[in-house]
Amino acid sequence: MRPAKALIDLGALRHNLREARRRAGGAKVAAIVKANAYGHGAARVLPALVEADMLGVACIEEALALREAGATHSVLLMEGPFEADELPLCARLGFEIAVHDPSQLAMLEAASLERPLTVWLDLDTGMNRLGFRPAAAAAAYGRLRDCAAVGEIRMMTHFASADEPTEPATRHQIERFAQAAQELGLARSICNSAGVLAWPEAHAEWIRPGIMLYGVSPLPGRTGPDEGLRPVMTLSSALIEVRDVHAGEAVGYGGTWRASAPARVGIVALGYADGYPRHAPSGTPVLVNGRPSTTVGRISMDMLAVDLTAQPDAAVGDPVILWGQGNPAELVAASAGTVAYELLCGLAGRVRVELRDDP
Ligand SMILES: *Cc1c(COP(=O)(O)O)cnc(C)c1O
């Protein structure tokens, strides 16, 4: 059996969920499980999310998959309906919808549902992605309130730069939202993970943590463990060859890494077809036998090479951790010029998954 494996630690996820709620002063938690729970497998992680007050996804397809997997939570569709025929399904299955555009107001006005939907009025307070501008909030709220298809109405916004704690844009977003919230007097949700961790004044009634649930910090220069979080996914494999490389010899496609002195190099059974970033340069951190090492040369489709010069006893079969326990995905992502979100979401289907659920 190929040794490439993703270990998913449900105990870590439970811990991180409690930590999110604690950091947000006991706010209600919409646990964000879009993109197949950030690559962890939405159905797989459900048992660790029973304490969540609701779940949040991008679209109805993801919400339906959660119901099929047995989720009994209310589920928020954070981009709302894409088409009017989703609304009866939402009513039947207990999905709540964000409404960010007049076309969705029109869908609701034309709908006749078996029971009214809980609707989250999405305000754009500065990101300029989705949502009504605050000046249009009262009118949109009025239309929602007049809809027979709409029951409870709550309000939400999304931060553009909450991971930059010195960025004044976030303060402006909080102020704009507070003004609209004061006029409408609805339950509020503002914070993603970065908001939970860095903007306590914005916690409000509901938080929407995603990445922190998986044990990853979105804040610059910080890792999940720095924030008291535990990594949920640990991607590992093993050495399948160990070789001595003479000074001056090159390793891998294109020969982009060359030994400046006699070196020992290990070949690991894991590559970009498993979700490891092909753009990770030589020097990207890995753990071999629990000890720090780095990649050397280009990442291949099924393999990558690591420096074993400091581990003369390393041998075929020895364990290698690509990210997770002891080797934060944040550091691998930083080396590869991306974010840990992309690494976790990109875990490939061919990687064997093992669940750990310690009581
Ligand atoms: C993805 C998403 C979140 C969660 O963001 P994290 O940075 O992963 O915590 C929250 N709210 C909305 C609207 C989102 O799209």
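Biologist: Is H100 buried or exposed?

Modeller: This is a predicted model in which local features need pLDDT of at least 70, side-chain atom pairs count only at pLDDT 80 or more, and totals for chains, interfaces and linings use all residues. Residues are numbered from 1 along each chain as its sequence is written, and side-chain values use heavy atoms, with hydrogens and water left out. Buried means under 20% relative accessible area, exposed over 50%, and partly exposed in between, with a 1.4 Å probe and protein chains only. H100 has a relative accessible area of 16%, so H100 is buried.

Biologist: Which residue has its backbone oxygen 3.2 Å from a polar atom of the H100 side chain?

Modeller: H100 sits in the loop between β5 (95-99) and α6 (102-110). Helices (H or I, at least four residues) and strands (E, at least two) are DSSP runs, numbered from the N terminus. The backbone oxygen that lies 3.2 Å from a polar atom of the H100 side chain belongs to E79.

Biologist: Is A37 buried or exposed?

Modeller: A37 lies in helix α2. Its phi is positive, about 55 degrees, although A37 is not a glycine. Relative accessibility is 0%, so A37 counts as buried.

Biologist: What is the relative accessible area of N36?

Modeller: N36 lies in helix α2 (residues 34-38). N36 is not a glycine, yet has a positive phi of about 55 degrees. N36 counts as partly exposed because its relative accessible area is 44%.

Biologist: Where does the ligand sit?

Modeller: A pocket is an open set of points on a 1 Å grid over the protein atoms alone, where a 1.4 Å probe fits, with protein on both sides within 12 Å along at least five of seven lines. A molecule sits in one if more than half of its atoms lie within 2 Å of its grid points. The ligand sits in the largest pocket.

Biologist: Which side chain has an N or O atom 2.5 Å from an oxygen atom of the ligand?

Modeller: A backbone N or O atom of G210 lies 2.8 Å from a ligand oxygen atom. A polar side-chain atom of H158 is 3.5 Å from a ligand nitrogen atom. The side chain with an N or O atom 2.5 Å from a ligand oxygen is that of S193.

Biologist: How much of the ligand's accessible area does the protein cover?

Modeller: Accessible areas come from the Shrake-Rupley method with a 1.4 Å probe. On its own, the ligand has 390 Å² of accessible area, and the protein covers 90%.

Notes. Polar contact = N/O pair within 3.5 Å; in protein donor to acceptor, adjacent residues only side chain to side chain. 1 Å grid on protein atoms, 1.4 Å probe; cavity = no way out; pocket = protein on both sides within 12 Å on 5 of 7 lines; lining within 4 Å.
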